[in-house]
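Below is a report on one protein model.

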Amino acid sequence: MPHARRLRSLFASLLLVAAAAGMLYLFWPSSLGGCSTFTIVSGNSMEPTYSTGDFVWSRCGEPAVGDIVVYTPPDTGGAHVIHRIVGGDGTEGWVLQGDNNDFLDPWNPDDSHVAGIATVHIPRLGSILYSLSNPWIWGSLLILAAAIFLWPRDPETSGTASETETDGAVAEAEPVAEPEPMEEPTLVSTQGKGELL
């Protein structure tokens with residue numbers, strides 16, 4: 001029995017490690033050598049496909065014409081652009097364009113500049129994440145939490161069950177008296193029949 005319990009525990013630990021490794025593989029960012037790029041869309045160049053504040057998760061892979069990709073244009077200080085491939089190839093350079101633009105991108109990145117192919121799109125999630133990272137939001141939440149914690153308590157609701165307040169003085173509740181025991185009835189025999197007196 002202890003041997004079976006140890007095997008179950010080992011199996012559960014192995015499953016946990018495998019799940020953690022899978023999550024790391026899926027979500028490890030490309031900036032740290034992984035295969036995932038997370039983008040919060042800014043601007044209207046990809047409307048109606050993506051709007052400002054949308055969250056896009058991109059994965060590395062073999063881009064093709066028609067894919068929406070995240071790429072890093074040269075000489076932009078590491079900025080990311082998320083646009084659709086409309087022509088070209090990965091060796092000579094891709095031709096890209098925003099879905100809402102009537103002009104082509106001025107850059108033609110090759111595969112080495114493509115960070116990932118758009119895989120998952122969650123509308124408005126980027127705006128929520130951006131709001132949560134705002135120090136003013138965190139500061140306001142901390143002040144609110146401190147105010148709730150330090151706010152004076154109402155003395156009428158803070159008493160215990162054994163105490164009651166009367167005119168500012170605390171009086172202890174009087175103990176309840178126990179009932180006195182009853183006398184047992186006496187049985188007296190009268191003409192062979194039992195009667196209670």
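## The salt bridge

R84 and D99 form a salt bridge, with their closest N and O atoms 2.8 Å apart. The term requires a side-chain nitrogen of Lys or Arg within 4 Å of a carboxyl oxygen of Asp or Glu. By this rule the count comes to 1 salt bridge. R84 sits in strand β4, while D99 sits in the loop between β5 (93-97) and β6, so the pair ties together parts that are 15 residues apart in sequence.

Both ends are partly exposed: R84 has a relative accessibility of 24%, and D99 has 30%. Buried means under 20% relative accessible area, exposed means over 50%, and partly exposed lies in between (1.4 Å probe, protein chains only).

## Basis of the model

This is a predicted model, in which local features need pLDDT of at least 70, side-chain atom pairs count only at pLDDT 80 or more, and totals for chains, interfaces and linings use all residues. Residues are numbered from 1 along each chain as its sequence is written, and side-chain values use heavy atoms, leaving out hydrogens and water.

## Overall layout

The protein has 3 helices and 10 strands. Helices (H or I, at least four residues) and strands (E, at least two) are DSSP runs, numbered from the N terminus. Along the sequence the order is α-β-β-β-β-β-β-α-α-β-β-β-β. Of the 197 residues, 20% are buried.

## The β4-β5 hairpin

A hairpin of 3 residues links β4 to β5. The two strands run antiparallel and share 5 bridges. Pairing is assigned if DSSP finds at least two bridges between two strands. How many residues of β5 are buried? The count is 4 of 5, so β5 is largely enclosed by the rest of the structure.

Strand β4 spans residues 81-89 and includes D89. G88 also belongs to β4. G88 is partly exposed, at 45% relative accessibility.

## Partners of β6

Strand β6 (residues 114-122) pairs with strand β2 (residues 55-59). That pairing is antiparallel, with 5 bridges. Within it, F55 has I122 as its bridge partner.

Strand β3 (residues 68-71) also pairs with β6 in the antiparallel sense, here over 3 bridges. V70 has G116 of β6 as its bridge partner.

## Surface patches

Which residues gather in the patch of negative charge on the surface? They are E62, D89, E92 and D111. D89 is partly exposed, at 33% relative accessibility. Patches take residues with over 30% relative accessible area and no salt bridge; like charges are joined within 9 Å, and nonpolar side chains (Val, Leu, Ile, Met, Phe, Trp, Tyr) within 5 Å. Lys and Arg count as positive and Asp and Glu as negative, while His and the chain ends are not counted. Each charge is placed at NZ of Lys, CZ of Arg, CG of Asp or CD of Glu.

A nonpolar patch is formed by L7, L10 and L14. Together they have about 300 Å² of accessible area. Such areas come from the Shrake-Rupley method with a 1.4 Å probe; for residues, only the protein chains shown count as cover. L14 lies in helix α1 (residues 2-27). L14 is exposed, with a relative accessible area of 53%.

## Backbone exceptions

Most residues other than glycine have a negative phi, and most peptide bonds are trans. E47 and P48 are joined by a cis peptide bond, with omega about 0°. P48 is in the loop between β1 (36-40) and β2.

D75 is not a glycine, yet has a positive phi of about 60°. D75 lies in the loop between β3 and β4. Is D75 buried or exposed? D75 is exposed, at 83% relative accessibility. R124 has a positive phi too, near 65°. R124 lies in the loop between β6 and α2 (125-132). At 46% relative accessibility, R124 counts as partly exposed.
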